[in-house]
Amino acid sequence: MVATIVRIPMDQPSPPTEARIARFIRTHLQDILRNWDDFARSIPAARYLPASTLRDHAAGMLHAIADALDLPSAAPDAAPPPAPVSQPDTQAGRHGAARVGIGFSASDTIAEFRALRASVMHLWAACEHQHDLGSEDMIRFNDAVDQALEESLQAFFSEKDKLAHRFDTLLSATPDLHCITDVDGLLLYANQALGKLLGTPATPAARQHLADFCPAFAAQLGRDLRAVADTGATGRGELQCTLADGTEHSYRYILIPVVNEDGTIDSITGTARNISELKASEAQILRNAYYDSLTGLPNRVLFRERLEHDVRRAARTEFALAVLFIDLDGFKEVNDRFGHDAGDLLLRQVAQRLQACVRATDTVARIGGDEFTVILNEVSRIAFVEVLVCQILAELARPFALADKELHVSGSVGITICPQDAHLPDDLLRNADQAMFVAKNAGRNRFSYFTPDIRDSAWARLRSIDQLRQALARRELRVYYQPIVELASGTIVKAEALVRWHHPDGGLVLPQDFIGIAEETGLIGEIDAWVLAQAVPCAARLSELTGAPFQISVNKSPVGFMSRVIRHCWDEDMAMFERAGSRIAVEITEGVLLDDSPGVRDKLARLQRAGVQLTIDDFGIGYSSMAYLNKFKVDFLKIDQSFVKDMLTTNPRSQIFAETIIMMAHKLGLKVIAEGVETASQRDWLRQAGCDYAQGFLFSPATTEERFAQLLQA
């Protein structure tokens with residue numbers, strides 16, 4: 001290595017106390033630094049550092065060494081100086097502490113001082129070859145360099161200890177587990193969280209193995225550590241262990257090799273995070289996806305998966321499988337009377353009773369509302385299914401104790417058998433559902449097996465629903481008008497608007513055959529609105545024809561009053577009611593008054609403000625609450641045709657009911673209409689009893705507007 005030398009004459013005057021080598025260092029400082037820089041570049045940690053960073057403290061150390069050489073030497077017989085202590089504020093101390101921050105090792109720092117010593121001696125030899133250093137100068141120079149090196153190393157290791165303490169504090173401030181092991185898995189370092197779980201300080205002297213953390217997974221940890229040590233690849237895994245306090249925790253860990261410059265693996269670092277809460281959340285999410293949160297039973301999704309599995313197993317084992325569809329009878333009344341909290345408690349108890357009836361290999365699920373399903377596996381005899389269903393019905397019929405209340409419900413059960421009735425899960429569930437409706441329509445608290453006739457009836461019903469949806473658009477609905485006659489004069493004074501459906505197959509369908517379907521499917525709002533839109537202009541035309549206001553009654557479904565969904569339809573209806581005023585009357589059932597909700601009260605009040613009169617239809621066959629007649633302003637009561645039909649033949653008691661209704665209505669200031677009048681004797685008896693109006697086939701069946709106009713003019 002050739003250095004650039006700036007020669008300074010040796011006979012230049014110098015301070016009387018300045019040592020020769022100290023003067024040389026100060027004079028040739030920049031040459032020494034350049035030469036030292038070439039030496040220092042051979043240090044691995046310094047290879048890519050900029051010159052300014054590499055020589056940050058070197059010039060200061062050279063000045064410090066020169067200053068130390070200028071001090072008077074100690075007497076030969078003087079006591080040796082005390083051992084140097086760490087002086088981080090000295091130039092050498094600052095140098096050593098700074099080398100930690102830029103990644104130098106202790107060996108790298110020693111190599112720097114060797115390079116510094118060699119640079120000074122090399123330049124001295126090149127510049128002052130005529131003047132050899134005396135042994136005392138050489139000793140003092142080496143002592144000064146050694147003292148600076150010792151101060152630098154002490155500061156270096158002190159800073160390393162501080163840095164290690166900072167990292168330990170950082171790693172121990174987190175709840176995660178951090179460790180360093182040798183390649184055999186013996187712990188070299190563990191943060192406080194891991195040390196606390198191990199129960200003893202994790203130090204090399206303790207010689208604890210990482211697998212001691214969780215003995216149940218010792219084999220797994222051992223395999224993962226060995227794989228990381230052998231391959232140098234990062235290892236990942238999860239484990240679950242029971243801690244000293246008996247609690248179970250799940251951890252997710254990562255193992256990373258510490259690779260030396262020569263490619264060998266020196267140690268392994270590990271980090272583990274407690275994922276118990278995450279696992280619990282995942283389990284809860286999974287449970288919410290597959291289980292009903294109210295009853296804890298499998299929900300529709302899990303029921304479907306189990307049904308698919310059980311159907312496949314039944315096909316392999318050749319055992320039959322039964323699917324039950326259970327719907328509670330009277331559950332809506334429980335909610336209405338006692339509130340939804342009571343309903344929820346009832347559903348939980350129902351779930352418990354159903355589970356108690358079946359085997360562990362069977363499935364009970366809640367698929368929505370008050371609907372439950374049961375899968376009965378490995379059915380060897382159909383008689384067994386019937387016995388179990390009877391047990392279920394008996395359990396559901398027993399009283400339910402909720403707080404201080406005793407509630408009664410029952411169940412309607414549909415049964416279908418695989419493979420007898422179907423092989424596919426969707427078909428089985430649909431079959432059981434259809435059979436349940438048959439049981440419910442047959443009187444409730446009973447069961448029904450699926451039959452092909454049930455399927456055919458269900459398909460016919462679905463077809464009717466589809467055709468009804470298109471009936472308005474295809475203009476298949478018609479409004480017919482039935483006269484309402486004043487009994488005292490025998491003249492037609494009112495009419496009732498009745499909808500008819502001209503079915504695509506050519507038949508005339510009466511309301512009792514499709515209004516129920518319309519209410520179930522939500523089509524009733526559109527149908528009622530359409531009938532009203534026909535009746536309002538008809539009332540105006542008939543008023544013009546008679547020369548006096550003529551009133552037409554329209555039926556309003558309870559769904560229209562009680563539903564919150566079709567409010568926009570109701571607002572449109574109100575606009576027509578307000579235009580028609582007293583020319584339109586609305587017929588409602590007693591159930592609307594019994595609902596007595598704020599929405600119902602508001603709608604009734606709006607009708608009355610518009611001048612629309614109210615009629616209670618089918619009075620006498622429902623609750624017939626006197627309180628509600630007093631509470632709400634009603635104009636007419638309609639005696640149900642069941643009282644009129646047999647009042648003069650098979651059931652004379654009907655006369656008593658009819659007379660009572662007439663007398664009560666008149667006492668309350670209401671008018672009475674009798675419907676279903678078919679004979680003159682019925683008409684005469686009603687007139688004698690004081691009934692105000694009547695309608696029925698005796699006067700005229702419901703007919704078209706044109707024919708009705710002819711009746712008015714007759």
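Mentor: Start with a rule. Two strands pair if DSSP finds at least two bridges between them. Keep in mind that this model is predicted. Now look at the open sheet of five strands, in the order β7-β8-β6-β11-β12. Its pairing is mixed.

Trainee: What makes β7 and β12 edge strands?

Mentor: Each has a single partner strand, so one side of each lacks a neighbour in the sheet. β7 covers 363-368 and β12 covers 446-449. From one strand to the next, the twist averages 20 degrees.

Trainee: How do you know that β6 and β8 pair?

Mentor: Count the bridges. Seven of them join β6, residues 320-329, to β8, residues 371-379. The rule asks for at least two, so the two strands count as a pair. They run antiparallel. For one example, find Phe325, which stands opposite Thr373 in β8.

Trainee: What makes β7 and β8 a pair?

Mentor: The rule again. Five bridges join β7 and β8, in the antiparallel sense. At least two are needed, so they pair. Arg366 has Phe372 in β8 as its bridge partner. The hairpin of β7 and β8 has two residues between the strands. There, Gly369 takes a positive phi near 55 degrees.

Trainee: Why is β7 called mostly covered?

Mentor: Five of its six residues are buried. Buried means under 20% relative accessible area.

Trainee: Which helix lies across β6, β7, β8 and β11?

Mentor: Helix α11, residues 300-317. It runs at about 20 degrees to β8.

Trainee: Why is the meeting of Glu308 and Arg304 called a salt bridge?

Mentor: Set the distance against the cut-off. Their side chains come to 2.9 Å, N to O. The limit is within 4 Å, so the pair qualifies. Both sit in helix α11, four residues apart, which means they are separated by about one helical turn.

Trainee: What makes Glu308 and Arg304 partly exposed?

Mentor: Glu308 has a relative accessible area of 29%. For Arg304 the value is 32%.

Trainee: How many salt bridges does the structure hold?

Mentor: The count is 26. Asp184, Arg226 and Asp230 are linked in a network of them.

Trainee: Which residues have the most contacts inside the largest nonpolar core?

Mentor: Ile552 and Ile584, in a core of 71 residues. Helix α18, residues 524-546, gives the most to this core, with nine residues. Leave aside the neighbours of Ile584 within four places in sequence. Its contacts then include Leu532, Val536, Ile552, Phe577 and Val612. A second, separate core has 38 residues, among them Trp36, Leu62, Val120 and Ala148.

Trainee: Why is strand β20 called largely enclosed?

Mentor: Four of its five residues are buried, so the rest of the structure largely encloses it. The strand covers residues 671-675.

Trainee: How do you know that β20 pairs with β19 and with β21?

Mentor: Four bridges join β19, residues 636-639, to β20. Three join β20 to β21, residues 693-695. At least two are needed, so β20 pairs with β19 and with β21. β19 and β20 run parallel, and so do β20 and β21. Ile639 has Ala674 in β20 as its bridge partner. Ile673 has Tyr693 in β21.

Trainee: What handedness does the β-α-β crossover from β20 to β21 have?

Mentor: Right-handed. The chain passes from β20 through helix α26, residues 680-689, to β21. Point the strands away from you. The name right-handed means that the path from the first strand over the helix to the second runs clockwise.

Terms used: Residues numbered from 1 in each chain as written. Predicted model: local features only at pLDDT ≥ 70, side-chain atom pairs only at ≥ 80, totals over all residues. Heavy atoms only, no water. Axes fitted to C-alpha atoms, helices over the stretch in contact; angles between N-to-C directions. Contact = heavy atoms within 4.5 Å. Buried < 20%, exposed > 50% of the residue type's maximum accessible area, 1.4 Å probe, protein only. Core = buried A, V, L, I, M, F, W, Y, C linked by side-chain atoms within 4.5 Å.
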